[in-house]
Amino acid sequence: MPQLINTTTSNLNIKNIKYLIKKYQSPFWVYDANIIYNKIQLLKQFDIIRFAQKACSNTHILQLMRKNNLKVDAVSLGEIQRALSAGFKKNSDEIIFTADLFDKETLSKIIKYNIPVNAGSLDMLKQLGSISPGHHIWLRINPKFGYGHSKKTNTGGENSKHGIWDPSLAIPIIKKYNLKLIGLHMHIGSGVNYEHLKKVCHAMIKSAIQINKKIIFISAGGGLPIPYKFNEKPINIKKYFALWDQARNKISQFLKTPIQLEIEPGRFLVAESGVLVSQVRAIKKMGNKNFVLIDAGFNDLMRPTMYGSYHHISVIPSNNRKINEYKTIETVIGGPLCESGDIFTQKEGGNIETRTLPIMQIGDYLIFHDTGAYGASMSSNYNTRPLIQEILIENNTFKTIRRRQTIEELLSLEQ
């Protein structure tokens, strides 16, 4: 298995990474805009591509999406403001707010900006309708089953907090407040199993028939996977679209009205576009285990600690020596946090595992691949660690799209 970045694919190559290492303090994020453009093209069969910005919410990434005619999903007031800042329009369906509850400030701004709501609870419909009768809404329906690569990413079934369990109960509320139902949304979790997908499509058809309202849209939700490991196959987009297209056509025939098919990808569009660059700062033996400690922590990249997620790791030597891939050692990769869970090589549930990696030296660099989704957007200030830099490579130029946060900026919130 190769341990260095492939020099022939994309802008995330050794030459560019070495240039950035010399220019910027590690750790930092790097994104390749071309990879995002290519992923967008794969979804062009869908009528609407709506980016789930929680995956990577930097306003420059949002601007890139808007330039490519994507719309955007927002799950908080902050994400609404990000979308507006990136140029998405209010008083339109360019932004949709998806949630299971409102806070007062968010509800007030949604009404002010006239943003459609994808409602995941009956209480949301009552609260919105009582203040803003006639508001455009979607219903997010819990299909009563779920699927996901982790229990923490399963968004359907009775163990999930998401969605409306019995959408027929929404109809009296919609009538009472004259809310305008324009779409149905269904999403069962991250990752795709085609048998589960068939069940979701069938559940969408059943719900549309049960509700029997002339909607305009149905949404296939998100959760499209990417191959994090070399032996994993990419998703078959044609097959995925075909299943949803059949569902759309059946609903359209029943309702006797055209239906637009929307998809809401996050990870699929941005995961493979990003890497996390970090530096080796300590190496030590703990019994029989070899620990390599780097300057990035789970406050930067949460996924391995949160989900037991796998990210391929490449090594770039700090000097001009050759990395001999045959001289390897079983290695645990850890970060700088005062937290025993700050380990990048672990499985779900916290079981530590090793990774076969070249023998490293202090000052070498580790590159975590496929971190463009839920990398920077899940970062925190835990251990009073500032948010790190984000860099975008586009049209052969390197652009800082988020500068490194300072400790002074952190402390200023408490003064």
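Predicted model: local features only at pLDDT ≥ 70, side-chain atom pairs only at ≥ 80, totals over all residues.
Select Pro317 to begin: this residue counts as buried because its relative accessibility is 13%, where buried means under 20% relative accessible area, exposed means over 50%, and partly exposed covers what lies in between (1.4 Å probe, protein chains only). Pro317 lies in the loop between strand 12 (313-316) and strand 13 (328-334); helices (H or I, at least four residues) and strands (E, at least two) are DSSP runs, numbered from the N terminus.

Residues are numbered from 1 along each chain as its sequence is written, and side-chain values use heavy atoms, with hydrogens and water left out.

**Next stop: two threonines**

Pick Thr371, in the loop between strand 15 (365-368) and strand 16 (389-394). Thr371 is buried, because its relative accessible area is 0%. Leaving aside neighbours within four places in sequence, its contacts include Trp29, Leu301 and His311.

Then jump to Thr59, in helix 3 (residues 59-67). With neighbours within four places in sequence set aside, Thr59 is in contact with Arg82, Ser85 and Ala86. For Thr59 and Ala86, the C-alpha to C-alpha distance is 5.4 Å, at 27 residues apart in sequence.

**On to strand 17**

Select Arg402, which is in strand 17. Is Arg402 buried or partly exposed? Arg402 counts as partly exposed, because its relative accessibility is 21%. Among the residues that Arg402 touches, not counting those up to four places away in sequence, are Trp29, Asn58 and Glu390. Draw a C-alpha to C-alpha distance from Arg402 to Cys56 and you get 12 Å, for residues 346 apart in sequence.

**Aromatic rings**

A pair of aromatic rings is described by the distance of the centres and the angle of the planes. Here, rings of Phe, Tyr and Trp (its six-membered ring) pair if their centres lie within 6.5 Å; planes under 30 degrees apart count as stacked, over 60 as edge-to-face and the rest as tilted. How many aromatic pairs does the structure hold? There are seven aromatic pairs.

One of them joins Tyr19 and Phe398, a tilted pair at 5.0 Å centre to centre with 40 degrees between the planes. This pair links distant parts of the chain, with Tyr19 in helix 1 (residues 14-23) and Phe398 in strand 17 (residues 397-402), 379 residues apart. Tyr19 counts as partly exposed because its relative accessibility is 40%, and Phe398 counts as partly exposed because its value is 27%.

Now select Phe46 and Phe241: the ring centres are 5.1 Å apart and the planes stand at 85 degrees, so this pair is edge-to-face. Phe46 is in the loop between helix 2 (33-41) and strand 2 (48-52), and Phe241 is in helix 9 (residues 237-255), 195 residues apart, so that this pair also links distant parts of the chain. Both Phe46 and Phe241 are buried.

Stay with rings and show Lys39, which lies over the face of Phe268 at 3.9 Å from the ring centre. The charged end of Lys229 sits over the ring of Tyr310, 5.0 Å from its centre; a charge sits over a ring if NZ of Lys or CZ of Arg is within 6 Å of the ring centre and within 35 degrees of the ring normal.

Most residues other than glycine have a negative phi, and most peptide bonds are trans. Select Ser26 and Pro27, which are joined by a cis peptide bond with omega of about -5 degrees. Pro27 is in the loop between helix 1 and strand 1 (28-32).

Next comes Asn114, where phi is near 55 degrees, a positive value in a residue other than glycine. Asn114 is in the loop between helix 5 (104-113) and strand 5 (117-119). Finish at Asn383, not a glycine either, with a positive phi of about 65 degrees. Asn383 is in the loop between strand 15 and strand 16, and counts as partly exposed because its relative accessibility is 33%.

Key: Contact = heavy atoms within 4.5 Å.
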